[in-house]
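This briefing goes through selected features of one structure, grouped by topic. Please read it alongside the sequence and the 3D view.

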Amino acid sequence: MATQYSDNIVNPERQAFGIATPFVIRKIGLSDLSDALRLGWEDFKAVPSHAVILCVIYPVLGIVLFRMVLGYSVLPLLFPLAAGFALIGPFAALGLYELSRRRERGEQAAAWDALHVLRAPSFGAMAGLGMLLLALFVTWIAAADAIYIATFGNAPAASIPDFAERVLKTPAGWSLIIVGCGVGFLFAVVALCVSVVSFPLMLDRHASAIDAMRTSLRAVMKNPFAMAAWGLIVAVLLVIGSLPLFVGLAVVLPVLGHATWHLYRKVVEPDPNPPQEQPRPPKAGHRYAADFPASLFPWSRESK
């Protein structure tokens, strides 16, 4: 069932002299974060198979890519990889924002609808900001690798118990944890400030990348406590989802993606004059998670 929203009326004086004015930022609290997560979970339950298809490939591709590039065991980089998904997650979840947006408007959300972001007027701006986050992700992984090498040298860990022994039971290991978490925190703060509402804003209001980043910075400045809490929630959920060999990220990533859309709705005041879009013709019948993977091949139903 689609979630209903009530648009607040915006003062028309915001567009005086024909000059585009900034997007209006609301003050939010912890209850809004909880509600955003609840709505994100509802979206995930409504389209679970589609969300898994979109998101389960991110941790797999991340591990494979760095295994190929670095040429040795990625065990020391498993935690940095998990933390790094918070940096590129806002861009990777573009398809999830589209699914949440369609459910919000009362439309049916199918896997193919996520691809409609490729035709969004602001997709170029979203891709540009996505490349910035990707560069930030690569820089973070390189920094984490450099910190590990500076602490333990170039010798890779022989096994998971050996790696855990080094990190948790030696002074060098605790130094690695403190320095690594400190540096990672700085990367996370930068990513949060420039992207917490940027991608949903570009998708929904066709904002430029610069305007979206400015709005995101203003949102953080106006809601420092709530945004800090949101960053902590994201970090904790990513760690929990990464514990069983990243498998849990197949649930955590889509829930966070959907929740980010609802967080954007709570933070940025809606457009007082939204553009009119032609409604899509309804599709016959309903598709459920039990239909997976048959639901991926709709043409197979037509022959019946």
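C193 is buried because its relative accessible area is 18%, where buried means under 20% relative accessible area, exposed over 50% and partly exposed in between (1.4 Å probe, protein chains only). C181 has 41% relative accessibility and so counts as partly exposed. The count of disulfides comes to 0, a disulfide being a pair of cysteine sulfur atoms within 2.5 Å.

This is a predicted model, in which local features need pLDDT of at least 70 and side-chain atom pairs count only at pLDDT 80 or more, while totals for chains, interfaces and linings use all residues. Residues are numbered from 1 along each chain as its sequence is written, and side-chain values use heavy atoms, with hydrogens and water left out.

**Salt bridges**

- The structure holds 12 salt bridges, each defined as a side-chain nitrogen of Lys or Arg within 4 Å of a carboxyl oxygen of Asp or Glu.
- Side chains of opposite charge can pair when their charged atoms come close.
- One of the salt bridges joins K266 to D35, with 2.7 Å between the closest N and O atoms.
- K266 belongs to helix 12 and D35 to helix 1 (residues 30-46), so this pair ties together parts that are 231 residues apart in sequence.
- Helices here are DSSP runs (H or I, at least four residues), as are strands (E, at least two), and they are numbered from the N terminus.
- K266 counts as buried because its relative accessibility is 18%, whereas D35, with a relative accessible area of 21%, is partly exposed.

- E98 forms a salt bridge with R101, where the closest N and O atoms are 3.2 Å apart.
- R101 and E98 are 3 residues apart in helix 5, so about one helical turn separates them.
- E98 also forms a salt bridge with R102, and there the closest N and O atoms are 2.6 Å apart.
- R102 and E98 are both in helix 5 as well, 4 residues apart, which is about one turn of the helix.
- Salt bridges with shared partners join E98, R101, R102, R105 and E107 into one network.
- E98 is buried, with a relative accessible area of 1%.
- R101 counts as buried at 11% relative accessibility, and R102 is buried with a relative accessible area of 5%.

**Aromatic rings**

- The count of aromatic pairs comes to 5; rings of Phe, Tyr and Trp (its six-membered ring) pair if their centres lie within 6.5 Å, and planes under 30 degrees apart count as stacked, over 60 as edge-to-face and the rest as tilted.
- Among them is the tilted pair of Y148 and F152, at 5.3 Å centre to centre and with 50° between the planes.
- Y148 and F152 are 4 residues apart in helix 6, so they are separated by about one helical turn.
- Y148 counts as buried because its relative accessibility is 5%.
- W261 and Y264 also form a tilted pair, because their planes stand at 55°, and their ring centres are 5.3 Å apart.
- Both W261 and Y264 lie in helix 12 (residues 249-267), 3 residues apart, or about one turn of the helix.
- W261 counts as buried at 0% relative accessibility, and Y264 is buried with a relative accessible area of 0%.
- The ring of F152 has the charged end of R166 over it, 5.9 Å from the ring centre; a charge sits over a ring if NZ of Lys or CZ of Arg is within 6 Å of the ring centre and within 35 degrees of the ring normal.

**A surface patch**

- F79, V239 and L243 form a nonpolar patch on the surface, and together they have about 310 Å² of accessible area.
- Patches are made of residues with over 30% relative accessible area and no salt bridge, with like charges joined within 9 Å and nonpolar side chains (Val, Leu, Ile, Met, Phe, Trp, Tyr) within 5 Å.
- Accessible areas come from the Shrake-Rupley method with a 1.4 Å probe, and for residues only the protein chains shown count as cover.
- F79 is part of helix 4 (residues 78-92) and, at 47% relative accessibility, counts as partly exposed.

**A buried loop residue**

- D113 is found in the loop between helix 5 (94-104) and helix 6 (123-152).
- D113 counts as buried because its relative accessibility is 2%.
- The C-alpha atoms of D113 and G95 are separated by 7.8 Å, and these residues are 18 residues apart along the chain.
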